[in-house]
Amino acid sequence: MKNFLEIVEEIKSIVSSEFNSKKIFDKDVADVLGISQMNFATMKKRNKVPFGELMDFCAARSISINWMLYGQSPESLVEATNKFYMVKYFSDVNASAGGGADEQCEEIEELELPEQFVFMLGGESEMKNIEAINVSGDSMEPTFSYNDIVFINRAKTDLQRGGVFTIRTEAGLFIKRVQKRIDGKIDIISDNQVYSTQTLEPNEIEVIGRVVSRFGDVD
């Protein structure tokens, strides 16, 4: 997949006609994508591709996202682009990577995914179990950042091996790294070391599902 800088150069080339041959700067690309200059600078530093904004940019200009990300020509994707998958996207649900979030109003949208991305989610057979929600807060950085879209497999709720899960506690809805202890208690861990680990009893946690991707594999 192309890196952040390569994608930025592609965008500059695509929108050049809109700038009357003037030099296009990073701040212009940020404006085109609808990203603040501060967030754009952070993404550039971390080589983090803004997938959601990039897909909106491509859709508005009828550009193949596969071409943008992988350099695959539209002709080579005729068959593949005819095959896509839909998953439920709870666009107004935010699982906190910080201080807790509530699942108050569930407005369900359908998110269209290309076949190549479906493989990252476990394949076609897993699509019935996949749902997408948003991230808020910073306690899981750098693994997740505010406004990331994450994909949850609701069939995967076994905490024995640990991993990143969406869970609900009395404090709200969270995305956290979860680890089961020998004494049976559950450690709720933030990847951002500023936040301390919380330990709960199993009956204090409802496991919604394992986080399997954010437009890329989750460690």
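Colleague: Asp-148, buried or exposed?
Modeller: Asp-148 counts as buried, at 11% relative accessibility. Buried means under 20% relative accessible area, exposed over 50%, and partly exposed in between, with a 1.4 Å probe and protein chains only. This is a predicted model, where local features need pLDDT of at least 70 and side-chain atom pairs count only at pLDDT 80 or more, while totals for chains, interfaces and linings use all residues. Residues are numbered from 1 along each chain as its sequence is written, and side-chain values use heavy atoms, with hydrogens and water left out.

Colleague: Where is Asp-148?
Modeller: Asp-148 is in the loop between E3 and E4. Helices (H or I, at least four residues) and strands (E, at least two) are DSSP runs, numbered from the N terminus.

Colleague: Which residues does Asp-148 touch?
Modeller: Leaving aside residues up to four places away in sequence, Asp-148 touches Lys-48, Ile-133, Asn-134, Val-135, Thr-143 and Arg-214. Contact here means heavy atoms within 4.5 Å. A polar atom of the Asp-148 side chain also lies 2.9 Å from the backbone nitrogen of Ser-145.

Colleague: Ile-133 is on that list. Where is Ile-133?
Modeller: Ile-133 is in strand E3. It is buried, with a relative accessible area of 6%. Its C-alpha atom is separated by 8.7 Å from that of Lys-88, 45 residues apart along the chain.

Colleague: What is the bridge partner of Ile-133 in E4?
Modeller: Val-150. Strand E3 (residues 130-136) pairs with E4 in the antiparallel sense, over five bridges. Two strands pair if DSSP finds at least two bridges between them.

Colleague: How many bridges join E4 to strand E9?
Modeller: Three, and E4 and E9 (residues 206-213) run antiparallel. Ile-152 has Val-211 as its bridge partner in E9.

Colleague: Why is E4 largely enclosed by the rest of the structure?
Modeller: Five of the five residues of strand E4 (residues 149-153) are buried, so the strand is largely enclosed. Both faces are covered, with Ile-149, Phe-151 and Asn-153 buried on one side and Val-150 and Ile-152 buried on the other.

Colleague: Back to the E3-E4 loop. Which peptide bond is cis?
Modeller: The one from Glu-141 to Pro-142, with omega near 10°. Pro-142 is found in the loop between E3 and E4.

Colleague: And which residues does Asp-191 touch?
Modeller: Not counting residues up to four places away in sequence, Asp-191 touches Ser-139, Met-140, Glu-141, Thr-143 and Arg-177. Asp-191 itself is in the loop between strand E7 (186-189) and strand E8 (198-200).

Colleague: Which side chain does the side chain of Asp-191 make a polar contact with?
Modeller: That of Thr-143, at 2.4 Å. A polar contact is a pair of N or O atoms within 3.5 Å; within protein, one must be able to donate a hydrogen and the other to accept it, and residues adjacent in sequence count only if both atoms are side-chain atoms.

Colleague: Helices now. At what angle do H1 and H2 pack?
Modeller: Helix H1 (residues 4-15) and helix H2 (residues 26-33) pack at about 80°, with their axes 10 Å apart. That makes H1 roughly perpendicular to H2. Axes are lines fitted to C-alpha atoms, for helices over the stretch in contact, and angles run from 0 to 180 degrees between N-to-C directions. Angles under 35 degrees count as roughly parallel, over 145 as roughly antiparallel, 65 to 115 as roughly perpendicular and the rest as oblique.

Colleague: Which residues meet there?
Modeller: From H1, Val-8, Ile-11, Lys-12 and Val-15; from H2, Asp-26, Val-29, Val-32 and Leu-33. The contact of H1 with H2 divides into six nonpolar, no polar and two charged residues. Ala, Val, Leu, Ile, Met, Phe, Trp, Tyr, Cys and Pro count as nonpolar, Asp, Glu, Lys and Arg as charged, and the others, Gly among them, as polar.

Colleague: What about H2 and H3, at what angle do their axes cross?
Modeller: Roughly 110°, and the axes of H2 and helix H3 (residues 37-46) come within 9 Å. H2 is thus roughly perpendicular to H3. Asp-26, Lys-27, Val-29 and Ala-30 of H2 make the contact with Gln-37, Phe-40 and Lys-44 of H3. The residues of the H2 contact with H3 divide into three nonpolar, one polar and three charged.

Colleague: Last topic, backbone. What is phi of Asn-47?
Modeller: Near 55°, a positive value in a residue other than glycine. Asn-47 is in the loop between H3 and helix H4 (51-60), and is partly exposed, with a relative accessible area of 43%.

Colleague: And Ser-62, buried or exposed?
Modeller: Ser-62 counts as exposed, at 73% relative accessibility. Ser-62 has a positive phi of about 55° although it is not a glycine, and is found in the loop between H4 and helix H5 (65-70).
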